[in-house]
Amino acid sequence: MPHAVIAKEHKTLTQKADDSRQLSRQTEQEQLDKARQAANDTSQREQEVLKRQADGDWEAEQRDKAQKQFNERESREQKYLREAKEAAAKARKIPKPTK
(Lines give C-alpha, C1' and ligand atoms only; values in the text may rest on other atoms or scores of the structure.)
Protein backbone atom coordinates (compact mmCIF):
# COMPACT_ATOMS: atom_id res chain seq x y z
CA MET A 1 0.00 0.00 0.00
CA PRO A 2 2.67 2.60 0.73
CA HIS A 3 3.90 2.30 -2.86
CA ALA A 4 0.45 3.24 -4.16
CA VAL A 5 0.34 6.33 -1.93
CA ILE A 6 3.81 7.37 -3.08
CA ALA A 7 2.83 6.79 -6.71
CA LYS A 8 -0.32 8.85 -6.25
CA GLU A 9 1.64 11.70 -4.61
CA HIS A 10 4.25 11.47 -7.36
CA LYS A 11 1.57 11.70 -10.01
CA THR A 12 0.08 14.68 -8.28
CA LEU A 13 3.47 16.38 -8.11
CA THR A 14 4.05 15.56 -11.79
CA GLN A 15 0.66 17.01 -12.69
CA LYS A 16 1.43 20.13 -10.67
CA ALA A 17 4.77 20.51 -12.41
CA ASP A 18 3.12 20.06 -15.82
CA ASP A 19 0.43 22.58 -14.92
CA SER A 20 3.09 25.05 -13.76
CA ARG A 21 5.09 24.62 -16.97
CA GLN A 22 1.94 25.14 -19.05
CA LEU A 23 1.03 28.27 -17.06
CA SER A 24 4.59 29.54 -17.44
CA ARG A 25 4.50 29.03 -21.23
CA GLN A 26 1.12 30.73 -21.45
CA THR A 27 2.30 33.71 -19.37
CA GLU A 28 5.48 34.02 -21.42
CA GLN A 29 3.46 33.95 -24.65
CA GLU A 30 1.13 36.66 -23.35
CA GLN A 31 4.10 38.83 -22.40
CA LEU A 32 5.66 38.34 -25.83
CA ASP A 33 2.38 39.28 -27.49
CA LYS A 34 2.14 42.44 -25.37
CA ALA A 35 5.73 43.36 -26.19
CA ARG A 36 5.11 42.86 -29.91
CA GLN A 37 1.99 45.01 -29.77
CA ALA A 38 3.83 47.76 -27.88
CA ALA A 39 6.68 47.70 -30.41
CA ASN A 40 4.17 47.86 -33.26
CA ASP A 41 2.34 50.80 -31.65
CA THR A 42 5.62 52.65 -31.14
CA SER A 43 6.63 52.02 -34.72
CA GLN A 44 3.31 53.35 -35.99
CA ARG A 45 3.64 56.52 -33.91
CA GLU A 46 7.17 57.03 -35.20
CA GLN A 47 5.96 56.66 -38.79
CA GLU A 48 3.16 59.18 -38.21
CA VAL A 49 5.61 61.72 -36.78
CA LEU A 50 8.07 61.18 -39.61
CA LYS A 51 5.29 61.54 -42.18
CA ARG A 52 4.09 64.81 -40.62
CA GLN A 53 7.65 66.12 -40.55
CA ALA A 54 8.21 65.12 -44.16
CA ASP A 55 4.97 66.79 -45.22
CA GLY A 56 5.94 69.94 -43.37
CA ASP A 57 2.70 69.76 -41.37
CA TRP A 58 4.55 69.49 -38.08
CA GLU A 59 6.64 72.56 -38.76
CA ALA A 60 3.60 74.47 -39.97
CA GLU A 61 1.69 73.48 -36.83
CA GLN A 62 4.56 74.67 -34.64
CA ARG A 63 4.80 77.96 -36.53
CA ASP A 64 1.04 78.48 -36.26
CA LYS A 65 1.13 77.78 -32.53
CA ALA A 66 4.02 80.19 -32.01
CA GLN A 67 2.30 82.90 -34.09
CA LYS A 68 -0.94 82.47 -32.16
CA GLN A 69 0.87 82.77 -28.82
CA PHE A 70 2.74 85.83 -30.07
CA ASN A 71 -0.52 87.46 -31.21
CA GLU A 72 -2.17 86.72 -27.87
CA ARG A 73 0.74 88.29 -25.98
CA GLU A 74 0.70 91.29 -28.30
CA SER A 75 -3.05 91.81 -27.90
CA ARG A 76 -2.74 91.56 -24.10
CA GLU A 77 0.07 94.10 -24.19
CA GLN A 78 -2.03 96.44 -26.36
CA LYS A 79 -4.96 96.04 -23.98
CA TYR A 80 -2.79 96.92 -20.97
CA LEU A 81 -1.36 99.96 -22.76
CA ARG A 82 -4.84 101.14 -23.79
CA GLU A 83 -6.12 100.74 -20.22
CA ALA A 84 -3.13 102.62 -18.87
CA LYS A 85 -3.70 105.49 -21.33
CA GLU A 86 -7.40 105.63 -20.42
CA ALA A 87 -6.56 105.68 -16.73
CA ALA A 88 -4.03 108.48 -17.29
CA ALA A 89 -6.53 110.52 -19.30
CA LYS A 90 -9.29 110.32 -16.69
CA ALA A 91 -9.86 113.31 -14.49
CA ARG A 92 -8.20 112.84 -11.15
CA LYS A 93 -10.53 112.46 -8.22
CA ILE A 94 -7.93 113.51 -5.68
CA PRO A 95 -7.62 117.30 -5.62
CA LYS A 96 -4.20 118.74 -6.24
CA PRO A 97 -2.71 120.29 -3.15
CA THR A 98 -2.74 124.07 -3.06
CA LYS A 99 0.36 125.98 -2.06
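**Figure 1. Salt bridges across the predicted model.** A search of the whole structure, which is a predicted model, finds 4 salt bridges. Side chains of opposite charge can pair when their charged atoms come close. Three of these pairs are shown in the views that follow: Asp18 with Arg21, Asp33 with Arg36, and Arg63 with Glu59.

**Figure 2. Overall setting of the chain.** The chain contains 2 helices and 0 strands. Of its 99 residues, 0% are buried.

**Figure 3. Close-up of Asp18 and Arg21 in helix α1.** Asp18 and Arg21 form a salt bridge in which the closest N and O atoms are 2.5 Å apart. Both residues belong to helix α1, which covers residues 2–55. Because Asp18 and Arg21 are 3 residues apart in this helix, about one helical turn separates them. Asp18 is partly exposed, at 36% relative accessibility. Arg21 is likewise partly exposed, with a relative accessible area of 45%.

**Figure 4. Close-up of Asp33 and Arg36 in helix α1.** A salt bridge links Asp33 to Arg36, with 3.3 Å between the closest N and O atoms. Asp33 and Arg36 lie 3 residues apart in helix α1, so the separation between them is about one helical turn. The relative accessibility of Asp33 is 39%, and this residue therefore counts as partly exposed.

**Figure 5. Close-up of Arg63 and Glu59 in helix α2.** The side chains of Arg63 and Glu59 meet in a salt bridge, at 3.8 Å from N to O. Helix α2, which covers residues 57–89, holds both Arg63 and Glu59. Within helix α2 the two residues are 4 residues apart, about one turn of the helix. Arg63 has a relative accessible area of 53% and is exposed, since the cut-off for exposed is over 50%. Glu59, in contrast, is partly exposed, with a relative accessible area of 44%.

Key
Residues are numbered from 1 along each chain as its sequence is written. This is a predicted model: local features need pLDDT of at least 70, side-chain atom pairs count only at pLDDT 80 or more; totals for chains, interfaces and linings use all residues. Side-chain values use heavy atoms; hydrogens and water are left out. Buried means under 20% relative accessible area, exposed over 50%, partly exposed in between (1.4 Å probe, protein chains only).
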